[in-house]
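Biologist: Before we discuss particular places in this chain, could we look at the model together and take the questions one by one?

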Amino acid sequence: RRDYPYYSEACDRVRFTLTKNPDIDTMAVDCNLVIEVYEPFITSVNDIELASVITHELLHYILGHHKRYHDNCYKDSLSHAVHNVAMDLEINQYLKNLPKGHLSIHDFGLSAGKSYEEYLRDIIAIITQDESAKGKINKYGHNEVSLDNYSETASAALVELVNHIIE
């Protein structure tokens, strides 16, 4: 608490619940500051990585991502998964010791210090620059996009994401 007073109120209020829901493959926080933890995930990381992921979830809450998502002009035209990628990019640039496979601005060739909304615009720009996406941009985001197959690089995931989006 003393080292991170900005987090102290959230740390005092946070509650945890275990889930076996595979749709939550790590953790997820809601607007009531309840973090759902996928049971198999907590045994797959060490204590330092676990602390980083909990901090990541707290930052979703502290940065107001729930409200910012609902106020975002792209909320109805882009899937929540695309928004979540942008939110994660905003958060992860400041955290160390995240588990292997986390989303990183470096994977996308993006610069640091941007907000969720700015990263969302960057993702849209990447999509619109894709040759196959030109002329079809009004279709993107109407399908729910899953990053379940995200594996080796975020760039590969983004290409997969773009292909899903423009179908």
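Modeller: Let me begin with a cut-off that we will need, namely that a residue is called buried when its relative accessible area is under 20%, exposed when that area is over 50%, and partly exposed in between. Please keep in mind that this is a predicted model.

Biologist: Is Leu33 buried or exposed?
Modeller: Leu33 sits in the loop between β2 and β3, and its phi is positive, at about 65°, although Leu33 is not a glycine. Because its relative accessibility is 0% and the cut-off for burial is under 20%, Leu33 counts as buried.

Biologist: What is the order of the strands in the open sheet?
Modeller: The sheet has three strands with mixed pairing, and its edge strands, each pairing on one side only, are β1 (15-19) and β2 (27-29). Neighbouring strands are turned by 20° against each other on average, with direction ignored. With β1 and β2 at the edges, the order is β1-β3-β2.

Biologist: Which residue of β3 is the bridge partner of Ala28?
Modeller: Strand β3 covers residues 34-38 and runs antiparallel to β2, to which three bridges join it. In β3, the bridge partner of Ala28 is Glu36.

Biologist: At about what angle to β2 does helix α3 run?
Modeller: Helix α3, made of residues 47-62, lies across β1, β2 and β3. Relative to β2, the helix runs at about 25°.

Biologist: How are α1 and α3 oriented to each other?
Modeller: The axes of α1 (residues 5-13) and α3 come within 11 Å and cross at roughly 100°. The contact brings Tyr6, Tyr7, Ala10, Cys11 and Arg13 of α1 together with Thr55, Leu58, Leu59, Tyr61 and Ile62 of α3, and by class it holds eight nonpolar, one polar and one charged residues. Because angles of 65 to 115 degrees fall in this class, α1 and α3 are roughly perpendicular.

Biologist: How many residues of α5 are buried?
Modeller: Among the buried residues of this helix are Ala81, Val82, His83, Val85 and Ala86. His83 counts as buried because its relative accessibility is 0%, and, leaving aside residues up to four places away in sequence, His83 touches Tyr69, Asn72, Tyr74, Lys75, Leu78, Tyr116 and Leu120. Helix α5 is mostly covered, and of its 13 residues the number buried is 11.

Biologist: What percentage of the residues in the protein chain is buried?
Modeller: The protein chain has eight helices and three strands, which run from the N terminus as α-β-β-β-α-α-α-α-α-α-α. Among its contacts between residues at least 6 apart in sequence, 55% join residues at least 24 apart. Of the 167 residues in the protein chain, the buried ones make up 40%.

Methods:
Residues are numbered from 1 along each chain as its sequence is written. This is a predicted model: local features need pLDDT of at least 70, side-chain atom pairs count only at pLDDT 80 or more; totals for chains, interfaces and linings use all residues. Side-chain values use heavy atoms; hydrogens and water are left out. Two strands pair if DSSP finds at least two bridges between them. Helices (H or I, at least four residues) and strands (E, at least two) are DSSP runs, numbered from the N terminus. Axes are lines fitted to C-alpha atoms, for helices over the stretch in contact, and angles run from 0 to 180 degrees between N-to-C directions. Contact means heavy atoms within 4.5 Å. Buried means under 20% relative accessible area, exposed over 50%, partly exposed in between (1.4 Å probe, protein chains only). Angles under 35 degrees count as roughly parallel, over 145 as roughly antiparallel, 65 to 115 as roughly perpendicular and the rest as oblique. Ala, Val, Leu, Ile, Met, Phe, Trp, Tyr, Cys and Pro count as nonpolar, Asp, Glu, Lys and Arg as charged, and the others, Gly among them, as polar.
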